[in-house]
Amino acid sequence: MKILSILLLIPAVLMSSCTLPQRGDRNVPIRARNSNEPMKRVFVLPFVDVANQKSKNVMEGARRVFVTELLRTGEFVVLKNSDFPKDFETFKKGPESSYEYDLEKITELSQGQGVVGVIEGQILEVRTKRVGDDVGIVRKIKAIVEAKVRIRAFSVDGKKEIYNQIRTA
């Protein structure tokens, strides 16, 4: 009888130790999490135009949309450009390269401000197309805008590029 009860007890102990691990809050949106994790502080540099053909308003608008999307995630705090100790224009790489910042120097200066990363955006190409009705007295005309943008991110702690991708939207 003791042997039978031991044989029945062994599978029960083994089965109770085979539970699935808890996933935690790995795939849960940031707003639904219960933790009090701090948000990451980043600088988003003014966007630059590679071809030097777009106006400043286009650059500011592209940066504003990008910052809005970053803030929508709830994971980042985007610092104002005026919080940076120097003007970003002084960090452009050489006179011939007016479309790229020296991110290594910028990350060195932003270390003391608690910044985790520095993000640079470059507008490579913007295409617009008018679409409308061919026939009719009252025509509906729409504009379709397509932009090709390069986004680079530098880690302040590691002083390395952690993201570099070209996107079309």
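Predicted model: local features only at pLDDT ≥ 70, side-chain atom pairs only at ≥ 80, totals over all residues.
When contacts between residues at least 6 apart in sequence are considered, 56% of them join residues at least 24 apart.

A search of the whole structure finds two aromatic pairs. In one of them, the ring centres of Phe43 and Phe84 lie 5.3 Å apart and the ring planes stand at 85 degrees, so the pair is edge-to-face, an arrangement that requires an angle over 60 degrees. Because Phe43 belongs to strand β1 (residues 40-44) and Phe84 to the loop between β3 (76-79) and α3 (103-110), the pair ties together parts that are 41 residues apart in sequence. Both Phe43 and Phe84 are buried. The pair formed by Phe47 and Phe66 is tilted, with 5.9 Å from centre to centre and 55 degrees between the planes. This pair also links distant parts of the chain, since Phe47 sits in the loop between β1 and β2 and Phe66 in helix α2 (residues 56-73), 19 residues apart. Phe47 has a relative accessible area of 7% and is therefore buried, the limit being under 20%.

Asp49 is found in strand β2 (residues 48-49), and it counts as buried because its relative accessibility is 6%. Apart from neighbours within four places in sequence, Asp49 is in contact with Lys54, Met59, Tyr99 and Ile123. Pro85, by contrast, is found in the loop between β3 and α3, and its relative accessible area of 53% makes it exposed. Although Pro85 and Ser110 are 25 residues apart in sequence, their C-alpha atoms are 8.5 Å apart in space.

The largest pocket holds about 390 Å³ and is lined by 16 residues, of which Ala62, Val65, Ala147, Val149 and Ala169 lie nearest its centre. Two or more residues of this lining come from each of α2, β4 (117-132), β5 (141-155) and β6 (161-168), and α2 gives the most, with six residues. By class, the lining of the largest pocket is made up of 12 nonpolar, two polar and two charged residues.

The second largest pocket contains about 340 Å³ of space. Its lining consists of 18 residues, and those nearest the centre are Pro46, Phe47, Lys56, Met59 and Glu89; Phe47 is also a member of the tilted aromatic pair, and Met59 is among the contacts of Asp49. Both β2 and α2 supply at least two residues each to the lining of the second largest pocket, with the largest share, four residues, coming from α2. The lining of this pocket divides into six nonpolar, four polar and eight charged residues.

Notes:
Residues numbered from 1 in each chain as written. Heavy atoms only, no water. Buried < 20%, exposed > 50% of the residue type's maximum accessible area, 1.4 Å probe, protein only. Contact = heavy atoms within 4.5 Å. Phe/Tyr/Trp six-rings, centres within 6.5 Å; stacked < 30°, edge-to-face > 60°. 1 Å grid on protein atoms, 1.4 Å probe; cavity = no way out; pocket = protein on both sides within 12 Å on 5 of 7 lines; lining within 4 Å. Points joined across faces, edges and corners; volume = space filled by probe spheres on them. Nonpolar A, V, L, I, M, F, W, Y, C, P; charged D, E, K, R; others polar.
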